[in-house]
Amino acid sequence: LSIVVLISGTGSNLRALLEASADAEYPARVIAVGADREAPGLSHAEGFGVPTFLVPYSSYESREAWGEALLEQVRVWNPDLVVLSGLMRLLPPGVVDALSPHLINTHPAYLPEFPGAHGVRDAIRAGVDQSGASIIVVDNGVDQGPIIVQERVAVLPGDTEHDLHERIKPVERRLLVQTVLDIANGLDLGALSTRPLPASIK
Ligand code: GRF
């Protein structure tokens, strides 16, 4: 199974996939890594000799123009699966529709709890005693797609956002590596994915 991973940040989830991918027994290969900015995580790909590409969000006039450029880059690699792993941008509907259902995302909360860009912060602010990690099929909603797998993570008294995120990330990494393995072994994302929402419905 060939994978393109898209990131914006440190790429710790990406690194876990690269490490798994380097194992000849693991039936999936990260063939390229893309980012919407000069993400530190791109260095992990370089370390593993995996090609990278950059589609800087700031270089484009609109989300749609950026999305089209990103899609064009992804298509160069023609992957079986695209993994969003800390990509901090919403993909425009045209991109989601073009890639669906072979498009998954990892989110540091127990969806549908705490969707969006600040799931960890929101869990801390809500004062809950447990949050989680979720892997979903991306659709045109924000973190609303079908849940492939998720697992609870405890929130401890006095946890900062960083503390909780660092406790969630190892769980995310394990779920992501396992989910990609399941997909390589035949998990049918099409059976899971909902019909992408019409672009008009947000
Ligand atoms: C991950 O927790 C991911 O779910 C969230 O941002 C974090 C990215 O971490 N969207 P990293 O870049 O993989 O270290």
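Predicted model: local features only at pLDDT ≥ 70, side-chain atom pairs only at ≥ 80, totals over all residues.
Which residue, with a positive phi, follows H3?

1. The end of H3. The residue that follows H3 is Asn-78, and its phi is positive, near 45 degrees. The helix itself covers residues 63-77, a run of 15 residues. From its first C-alpha to its last, H3 reaches 22 Å, close to the 21 Å expected at 1.5 Å a residue.

2. The buried side of H3. Trp-66, Gly-67, Ala-69, Leu-70, Leu-71 and Val-74 are buried in this helix. An α-helix has 3.6 residues a turn, so residues three or four places apart point the same way. The partners against which the buried residues of H3 pack are S1, S3, S4 and helix H4 (93-99).

3. The sheet. Seven strands make up an open sheet of mixed pairing, and their order is S3-S2-S1-S4-S5-S6-S7. At its edges stand strand S3 (52-54) and strand S7 (147-154), each of which pairs on one side only. From one strand to the next, the twist averages 20 degrees.

4. The S5 and S6 pairing. Strands of a sheet pair through backbone hydrogen bonds, either parallel or antiparallel. Strand S5 (residues 103-107) and strand S6 (residues 130-137) run antiparallel and are joined by four bridges. Within S6, Ser-134 is the residue that stands opposite His-107.

5. Helix H1 on the sheet. Residues 12-21 form helix H1, which lies across strand S1 (2-7), strand S2 (29-35) and strand S4 (81-84). Relative to S2, helix H1 runs at about 155 degrees.

6. The aromatic pair. One aromatic pair is found in a search of the whole structure. Its members are Tyr-57 and Trp-66, with 5.1 Å centre to centre and 65 degrees between the planes. The pair counts as edge-to-face because the angle between planes is over 60 degrees. The two partners can be set side by side in terms of burial: Trp-66 is buried, at a relative accessible area of 0%, whereas Tyr-57 counts as partly exposed, at 21% relative accessibility. The value for Tyr-57 is 21%, so this residue falls outside the buried class, which requires under 20%.

7. Arginines over tyrosine rings. Besides its pairing with Trp-66, Tyr-57 has Arg-89 lying over its face, at 3.8 Å from the ring centre. A further arrangement involves Arg-152, whose charged end sits over the ring of Tyr-110, 3.8 Å from its centre.

Conventions
Residues numbered from 1 in each chain as written. Heavy atoms only, no water. Phe/Tyr/Trp six-rings, centres within 6.5 Å; stacked < 30°, edge-to-face > 60°. Buried < 20%, exposed > 50% of the residue type's maximum accessible area, 1.4 Å probe, protein only. Lys NZ or Arg CZ within 6 Å of the ring centre and 35° of its normal. Pairing = 2+ DSSP bridges. Helix = DSSP H or I, 4+ residues; strand = E, 2+ residues; numbered from the N terminus. Axes fitted to C-alpha atoms, helices over the stretch in contact; angles between N-to-C directions. Contact = heavy atoms within 4.5 Å. Expected span 1.5 Å × (residues − 1).
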